[in-house]
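Reader: Take me through one part of this model closely. I would like its surroundings, and then the pairing of a strand elsewhere in the chain.

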Amino acid sequence: MCGIFAYLNFCVPCQEKKILEILLKGLERLEYRGYDSAGLAVNGKDGQIKIIKRQGKVKMLRNIVFDEGKEYNEVYDTHVGIAHTRWATHGEPSERNSHPQTSGEPNKFIVVHNGIITNYKDIKLFLEKENYIFTSDTDTEVIPKLADYIYSHTDANLEFNEIVERVVSQLEGAFALVFKSTLYPNEVVAVRRGSPLLVGIKSEGDVMMDKVHIKYGSVPHTDDNGKAFNLGGQSAEYFFSSDASALIEHTDRVIFVEDDDITYIKDGSLWIKRLDQHAKTDTSVSRDIITLKMQLQEIMKGNFSSFMQKEIFEQPDSLVNTMRGRIDFKTNTVNLGGIKSHLEDIKRCRRIIIIASGTSYHSGVATRQLLEELSNIPVVVELSSDFLDRQTPVFRDDVILFISQSGETADTLNALRYCKQRGALLVGITNTVGSAISRETVCGIHINAGPEIGVASTKAYTSQIVCLVMFSLMLGGDRISKQKRCQEIIDGLKELPARVKEVLQLDPQILKLAEELSPERSLLLMGRGYNYATCLEGALKVKEVSYMHSEGILSGELKHGPLALVDRDMPCVIIVVKDNTYTKCHNALQQVIARQGRPITICERGDENVESMSYRCIGIPKIPDCLTNILAIIPLQLLSFHLAVLRGLDVDCPRNLAKSVTTE
């Protein structure tokens, strides 16, 4: 969704041009999240705030900032700059709806916002009665105006963070906010509820502290209550960001802000305060300062034309990283340390529920069959939003897996909190250390796929499948009746990275197929068993990046309606691999041919029976049936990529989409 980036330099002399460059570069690192406009705010003349906004890409904002050779030579020892990329929710993409939003001239309070304020209409109506004039259609504009109202109608000499706390107490919804004010120069306040936010810390010397103590209410500071993070008068730089990818080139020392944390920096010291409503219930006393493991080169394109292409071709390595330290191929054992202490409880559960959205949901569908086979436990896969809408019954002896690449998906997080109240055992599967899902679940698995920048998920999907396969092996590995099956799968996992490399070598063949399909308006994908999920995910990829209508169909349902779509003009991809559904998928292939269809098949290499019936055929290497969905999805990832490029589209930032969906 939207991207937030802010920078505060304390006693670090910095030319205005460099400050602007840091802010713009931060926004460029967040472009993958999806956006339609961008803006920033820095100090102006006579203590005022200068706001620059533009509809369109960050590149267009950069052109305005440095238009006509403008020189920004002023040097600031201490300065606060904030910046934002907006993904429209309330109000069309336009300059006036872009962030930062302001309290009105002379910009006493300005704010950047990621999320949605659900009660903004009530607040707006109140403020309009108080003669505030609104100039945008956004829900965000009520926030700085409410701050101005509180400041103007309070006799007490409030601190900046106290004003923000009073504002936040009136807001409903999910949000991350960063405030700047002319009334509190060189101070910044940030707060999070539901949307991700990190703070990066950089200093000339080493950051020796490993945590920041939390302040509750107005209790005096003690060693355990509200001790500020400071560097003993040293110079320091602080960075606020929606994602670690924008911080790593500046610092690897970060704090993950948690819900209802108010983080504020004054006189070079960083404080974290909890909203008063948590003072009696919270047990946490500090926030850890952690060291990011990410490397800068991981978020660069390298020799590839786009992040999506790079991430597709990274999959042999990302799968190795997912399995590293978890599968011992010498002893043929699997050890997932994140769930080991809860394994016996999981084995005794009455059912397993997998809750996810989008691509993560498809990874659950892809592995449901294996999980049931090895564990003998019924498995249900649920879409997060639908699960919440139905208020699905949850019991204490359920085990619930929450899958999310970002670990911040709003619907999945809300489902997690719903299940938490009902006492189920919660397991998180994410690609982001320190994310909300990883913090709020009891145990979990980090997929270790590395940063994924392209909006359309590729390597995270295949790593999620491998994690769920390893999870299944841990549940069924000690059953004597399953030993042969588990050994077959472990052998397949050992070969998997090499087999993925073989499939990637089909890229020229996939490009030729994409050239043929590029003029088409629709595409059907059919499969069943382990590869029904492959059809769903392949159709999603084609839709996401090429904007071609595509539909994933369970082959067994072909006669129940979808067969009416099949004719010589409808492109059909059919997955026919040698598993327990092979004969049935072969029958579906024959039905398509009987209707003058021209099937494009994905089958096991050397399967002459299928190849002879295919209009076009993509052969994949032999591998155990439960892993074919990993090999079969890669041609479809490549196909969607090439279709988008041939149509002249932005592969990494598809229209209307965001990488991390942090609002419902």
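Author: Leaving aside neighbours within four places in sequence, leucine 343 is in contact with Met474 and Leu475. The model is predicted. Leucine 343 belongs to helix 8, which covers residues 343-347. Is this leucine 343 buried or exposed? Leucine 343 is buried, because its relative accessible area is 11% and the cut-off for buried is under 20%. Lysine 273 sits 70 residues from leucine 343 along the chain. Their C-alpha atoms are separated by 37 Å.

Now to the strand. Strand 9 runs over residues 173-181. Seven of its nine residues are buried, so the rest of the structure largely encloses strand 9. Which strands pair with strand 9? One is strand 8, residues 109-117. Strand 8 and strand 9 are antiparallel, with nine bridges. In this pairing, isoleucine 110 stands opposite lysine 180 of strand 9.

Strand 10, residues 188-193, is another partner. Strand 9 and strand 10 also pair in the antiparallel sense, over four bridges. Here valine 178 stands opposite alanine 190, which lies in strand 10. Strand 9 and strand 10 form a hairpin. Six residues lie between the two strands. Asparagine 186 is in that turn, and its phi is positive, about 65°.

A general point on strands applies when viewing the sheet. Side chains in a regular strand alternate between the two faces of the sheet.

Conventions. Residues are numbered from 1 along each chain as its sequence is written. This is a predicted model: local features need pLDDT of at least 70, side-chain atom pairs count only at pLDDT 80 or more; totals for chains, interfaces and linings use all residues. Side-chain values use heavy atoms; hydrogens and water are left out. Buried means under 20% relative accessible area, exposed over 50%, partly exposed in between (1.4 Å probe, protein chains only). Contact means heavy atoms within 4.5 Å. Two strands pair if DSSP finds at least two bridges between them.
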